[in-house]
Amino acid sequence: MLSSYAQKGIGFALPLIVAFLLSGVLLVIIGENPVKIYSMLVDESFGSSRRIAATLSASTPLLFTAVATAICFRSGAFNVGVEGAFLIGGLGAVFCGFFLPVQLGLSIIPIAIIFAGILGGIWLYFPGYLLAKFEVDEVVSTLMLNFIAIAITGYLINGPLLSPTSGNNVTPVIHDVAKLPRLMPPSTLHGGFILGLISVLIYGLWCNRSSSGFESALIGLNQRFSRAVGISVQKTLILVMVLSGIIGGIGGASHGLGQLYRFSDGFSPGYGFTGMAVALLARNSPIGIIAGSILFGALASAGTTIQLFSDIPLDLINIIQGTVMIFAVIEIARLSLRKKIRAEL
Amino acid sequence: MKKKTEALQATNVHKSYGLVKANDGIDLQIFSGTIHALVGENGAGKSTLMRIFQGIEKPDLGEVFVDNEAVNFTNPKQALKMGIGMVHQEFMMAPDLSLLENLILGEEPLQNNLGVFSRINWTQARVEGDELAKNIGVSIDWERKANSTPVHILQFVEIIRLLRRGCRIIILDEPTAVLAPPQVEELFNLLRKLSKSGTTIIFISHKINEVVAVADYVSVMRRGKISFSNTIDNTSISEIAFHIVGDNEKKTNNLKGGDRNIGDILLEINDLSSNTINKSQELSAISLQLHSGQILGVAGVSGNGQIELLECVIGLRGASAGSINLKDQNITQLGVFDRRRLGISYVSSDRANEGLSLSSSIEDNIIAGSHRDSPISNGHTLNKRIMRATAVERLDRLSVKYGNLNETASSLSGGNQQKLVFAREISNDPSVLVVSQPTRGVDLNGIKAIHDIIIDFASNGGAVLITSEELEELQKLSDEIIVISNGKLVGRVDGQNSDIKEIGRMMVVQGGGNA
């Protein structure tokens, strides 16, 4: 019997290996040398301190969205609405960043982050409440909320929050004091990365060391049992949804205050969904989330430069990401199927 | 009824799941064209036997004969081919399809055989359906959607579907559980007609009145064996009831009788009623008192409200009227968490899904419920060291055998799983222990250990409310036994000096099967 660490490692690596093999076949078909391309990928993402900084910068939003997703997944709530919370939180933070008087100085940053967390928490409170009280399918409700978030933010940045100086679809730039510090200039790696790592750390502690983390893992595995030992499944479901929203919102704040300094259309190129892939790949484990975020960050940062230097389109990177996600999900499906079969015996 | 040929026969069939012998040498003959009732408590082995007949399970030992020919099914398709089909309690219907579509689903009559491009011959399907419905004397609106069709019609469609597939032996698993009395009569007419035309029917039921009303033969299963088999004409309701509840009546097992001090009232239930949710039995106006040091047994044919009563006490099920008091405190409106805090514990009958979280670690299973209590937790954060020490201490207290705290609870044997449940439930020194099916699926040594736990608990001043399908177990443990039938309290007898026959009569005859 393998140790649980080894098993987790295999569970993490297997989807990756398969995805890279499949993409390799694809590369051969389009007449490229996969070994060359892959070594280029590694080089472009980890080759120098600048490249590493770029990779970590790209992984920053994923740390938040993966934690936000994992909080719900381990409780059995299939929340796909982190993207929405990320957008709402991002706009909220950016709003604080340019709207609050500059005299507030550095205190704008914590205010903006807290505001973003509150917005995100409220945002996912609603689907959580609907799920807990009326068993409204959380996949549908959170997915729909994503579209609403896109529409609301889209309206605001075209209307009330539109920058008076720029064209359209963009807010004013935040005050300089509201910007998160850059860690390794000239790269865009910013203080949000540290915040992201702290989120993962807190998430890990919450999973292993808190009563509510204990409860949420139990309801993820067996709701009837949880009820029988006195755990309120409803309250716990609402709690994890709100926590997920808070982390998602703070992720948006980090991205707005650290990376873009404003909110524009396409603020998130699907960070919520890539975070979901990371959470699945990591099986919700904190260490897995860090590794997965860096991996997907590497793919994203190297992908753009590879497109510049070779004939490989960025789409290939998306294909690799998609394949990893599919295989990660297959593994999950197989595990839960086995559980179900055992339960029936 | 003589000189019948055997349609289906089992000889010396054995089937074990781990240590549990679900079928322990079954010999059963089912004669062609008869209605053969199979009765027995849950866990007696009926389902296992039916699964073997259907080719879902393979017997460990023994043989099954169809038309006197030995068969060796490896999958359900083969059984279906030999003409054996089953109507399950949960109908196998696609709710959004019409009845006709459901009828032919999986075996559609085709107009032309072009593989995936074949077209369904709806005219023929309709003709086949009408023909079969006419033969068994029912009329069916085939265009109706399954989800808007009354449940007894769905049952007819299920039967017709099996007939269309050429089934000659039809197993019905508690078919009347979902039916109202007039519909039951309609179903019985249909079954009689079917059997007259040569179809063999195996009728699984808990309700002895119905068995006597419709069956030609009856077999009673008990603890994996056929304990009784006869023609209906040569037996009686009370004889069947007697065999269901157990045949060794006067066992002197007065081991622990009467040496406990019965003290103050700990739990008092007044006129408790509860509504039906999802086919559960409703409770009406149940009153009882539970004293310190007392073990109160709840007897009844399964599905008559015992589980529901216990769920009301722990708080998993709401009361629609009446009150529950724990030591003078009205707890009727409290949830599970508060009731557990006040000193009620619960051992579920469904160990695999409610008593334990099998895929969680042993540690999590033994700690769950106390994860907000000091010193394991300060209410928010866990002290892992104390948590682990507490887990070990609790498991050791009832000598649960386990390998590693991090292994899943499913790695334990049935007996140790149940001991784990008890270890958790008595760990906070509750005053009232609510127990359902304490020894289901537990081997003999485990049973003794668990009985000792329960008796110890009561001897130390706790109160136990316990239900079990093993009447002997109830009799052995209980100071007093109340009998429930159809959600009503119908009798009350002294524990040790009770007569099993008398309890059995109260369980089945009074109020009885006829819902």
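How many helices and how many strands does chain B have? I began my notebook with this, keeping in mind that I am reading a predicted model. I counted 17 helices and 20 strands in chain B. I then looked up the radius of gyration of chain B, which is 25 Å, close to the 24 Å that the globule rule gives for 515 residues, so chain B is as compact as a globular protein of that length. I noted that the C-alpha trace of chain B spans about 75 × 55 × 45 Å along its principal axes, and that buried residues make up 46% of its 515 residues.

**Entry on chain A**

I turned to chain A and found 13 helices and zero strands. The radius of gyration of chain A is 21 Å, close to the 20 Å from the globule rule for 345 residues, so this chain is as compact as a globular protein of that length. Its C-alpha trace spans about 65 × 55 × 30 Å along the principal axes, and 50% of the 345 residues of chain A count as buried. When I took the contacts in chain A between residues at least 6 apart in sequence, I found that 78% of them join residues at least 24 apart.

I also checked the confidence, and chain A averages a pLDDT of 89, with 94% of the residues scoring at least 70.

I read from the domain assignment that chain B has domain 1 (6-245), domain 2 (250-343 + 430-515) and domain 3 (358-429). The centres of domain 1 and domain 2 of chain B, taken over C-alpha atoms, are separated by 34 Å.

I then asked how many residues each chain gives to the contact. Chain B gives 25 residues and chain A gives 18. On the side of chain B that touches chain A, helix H10 (336-342) and helix H11 (351-355) are the elements that give two or more residues, and by class I listed eight nonpolar, 12 polar and five charged residues on that side.

**Entry on strand E18 of chain B**

Is strand E18 (residues 463-467) of chain B largely enclosed or exposed? Five of its five residues are buried, so I wrote it down as largely enclosed by the rest of the structure. Ala463(B), Leu465(B) and Thr467(B) point one way from E18(B), while Val464(B) and Ile466(B) point the other way, and all are buried.

I looked next at the strands that pair with E18(B). E13(B) pairs with E18(B) in the parallel sense over four bridges, and here Val464(B) is the bridge partner of Ile295(B). Strand E17 (residues 432-436) of chain B also pairs with E18(B) in the parallel sense, over five bridges, with Ala463(B) as the bridge partner of Val432(B).

**Entry on Tyr402(B)**

I found Tyr402(B) in the loop between helix H13 (384-397) and helix H14 (414-425) of chain B. Because Tyr402(B) has 20 C-beta neighbours inside 10 Å, it counts as buried. Leaving out residues up to four places away in sequence, Tyr402(B) touches Ile362(B), Leu395(B), Leu412(B) and Asn416(B).

**Entry on backbone details**

I kept in mind that most residues other than glycine have a negative phi, and most peptide bonds are trans. The peptide bond from Pro185(A) to Pro186(A) is cis, with omega near 5°, and Pro186(A) is in the loop between helix H6 (138-158) and helix H7 (192-209) of chain A. In chain B, the peptide bond from Ser374(B) to Pro375(B) is cis, with omega near 5°.

I then noted two positive phi values in residues other than glycine. Asn284(A) has phi near 65° and is buried, with 22 other C-beta atoms within 10 Å. Asp67(B) has phi near 50° and is partly exposed, with 15 other C-beta atoms within 10 Å.

How values were computed
Residues are numbered from 1 along each chain as its sequence is written. Chains are lettered from A and ligands numbered from 1 in the order in which they are written. This is a predicted model: local features need pLDDT of at least 70, side-chain atom pairs count only at pLDDT 80 or more; totals for chains, interfaces and linings use all residues. The radius of gyration is taken over C-alpha atoms; the globule rule is 2.2 Å times the number of residues to the power 0.38. A residue is buried if 20 or more other C-beta atoms lie within 10 Å of its own, exposed if 12 or fewer, and partly exposed in between; C-beta atoms are placed from the backbone. Two residues are in contact if their C-beta atoms, placed from the backbone, lie within 7 Å. Domain bounds come from an automatic or database domain assignment. Ala, Val, Leu, Ile, Met, Phe, Trp, Tyr, Cys and Pro count as nonpolar, Asp, Glu, Lys and Arg as charged, and the others, Gly among them, as polar. pLDDT is the predictor's confidence in each residue, from 0 to 100. Two strands pair if DSSP finds at least two bridges between them.
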